[in-house]
Amino acid sequence: MADEKSNAAAYWSANVRLIFGSLFVWALVSYGFAILLRPLLAGIEIGGTDLGFWFAQQGSILCFLAIIFHYAWRMNKLDKEFGLEE
């Protein structure tokens, strides 16, 4: 019973770490690059516009999609590691 609780606690801890890591990357891209660091990224051009504008319009969406796929992939690995796969 105690081993099952420690296994559940380790699984939840790994899950929360993954969630917070994903949220950090999302916040960095969406708020950091697109809003706060936009003046610093203004000199770098990508696709005919500055990099800060690109992150605000396209980059944050593409990064969000990448985060979703990364989260699903890591959760599948985590489920297999803790014996909870479908």
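Because the model is predicted, local features need pLDDT of at least 70 and side-chain atom pairs count only at pLDDT 80 or more, whereas totals for chains, interfaces and linings use all residues. Residues are numbered from 1 along each chain as its sequence is written, and side-chain values use heavy atoms, with hydrogens and water left out.

Confidence was examined next. The lowest confidence falls in strand E1, residues 45–46, with a mean of 86. H3 has the highest, at 92. Helices (H or I, at least four residues) and strands (E, at least two) are DSSP runs, numbered from the N terminus.

Valine 29 sits in helix H1. Its contacts (heavy atoms within 4.5 Å), not counting residues up to four places away in sequence, are Ala34, Phe55, Gly59, Ser60 and Cys63. Serine 60 belongs to helix H3. Serine 60 is buried as well, with a relative accessible area of 14%. With neighbours within four places in sequence left aside, serine 60 is in contact with Val29, Ser30 and Phe55.

The largest nonpolar core has 6 residues: Tyr11, Ala14, Leu18, Met75, Leu78 and Phe82. Such a core is a set of buried Ala, Val, Leu, Ile, Met, Phe, Trp, Tyr and Cys residues joined through side-chain atoms within 4.5 Å. Helix H1 (2–36) and helix H3 (51–81) each supply at least two residues of this core. H1 gives the largest share, 3 residues.

Phenylalanine 82 contacts Asn7, Ala10 and Tyr11, leaving aside its neighbours within four places in sequence. Alanine 8, in helix H1, is 74 residues from phenylalanine 82 along the chain, yet their C-alpha atoms are separated by 8.6 Å. Alanine 8 counts as partly exposed, at 44% relative accessibility. Arginine 74, in helix H3, and leucine 18 are 56 residues apart along the chain, with 8.1 Å between their C-alpha atoms. Arginine 74 is partly exposed, with a relative accessible area of 28%. Leucine 36 gives another case. This residue of helix H1 is exposed, with a relative accessible area of 66%. Leucine 36 and tryptophan 73 are 37 residues apart along the chain, and 30 Å separates their C-alpha atoms.

H3 is not straight. A kink of about 50° is centred on glutamine 58. The bend at a residue is the angle between axes fitted to the seven residues ending there and the seven starting there. The span of H3 was also computed. H3 has 31 residues, but its end C-alpha atoms are only 39 Å apart. A straight helix would reach 45 Å at 1.5 Å a residue. That expected span is 1.5 Å times one less than the number of residues. The buried residues of H3 are Leu51, Gly52, Phe55, Gly59, Ser60, Ile67, Met75, Leu78 and Asp79.

Aspartate 50 caps the N-terminal end, with a side-chain oxygen 3.3 Å from the backbone nitrogen of glycine 52. A polar side-chain atom of aspartate 50 also lies 3.1 Å from the backbone nitrogen of phenylalanine 53. A polar contact is a pair of N or O atoms within 3.5 Å; within protein, one must be able to donate a hydrogen and the other to accept it, and residues adjacent in sequence count only if both atoms are side-chain atoms. Just after H3, glycine 83 adopts a positive phi of about 70°.

Aspartate 50 itself lies in strand E2, residues 49–50. Aspartate 50 is buried, with a relative accessible area of 16%. Aspartate 50 touches Arg38, Leu41, Ala42, Ile44 and Glu45, not counting residues up to four places away in sequence. Valine 29 and aspartate 50 are 21 residues apart in sequence and 15 Å apart in space, C-alpha to C-alpha.

Key:
Buried means under 20% relative accessible area, exposed over 50%, partly exposed in between (1.4 Å probe, protein chains only). pLDDT is the predictor's confidence in each residue, from 0 to 100.
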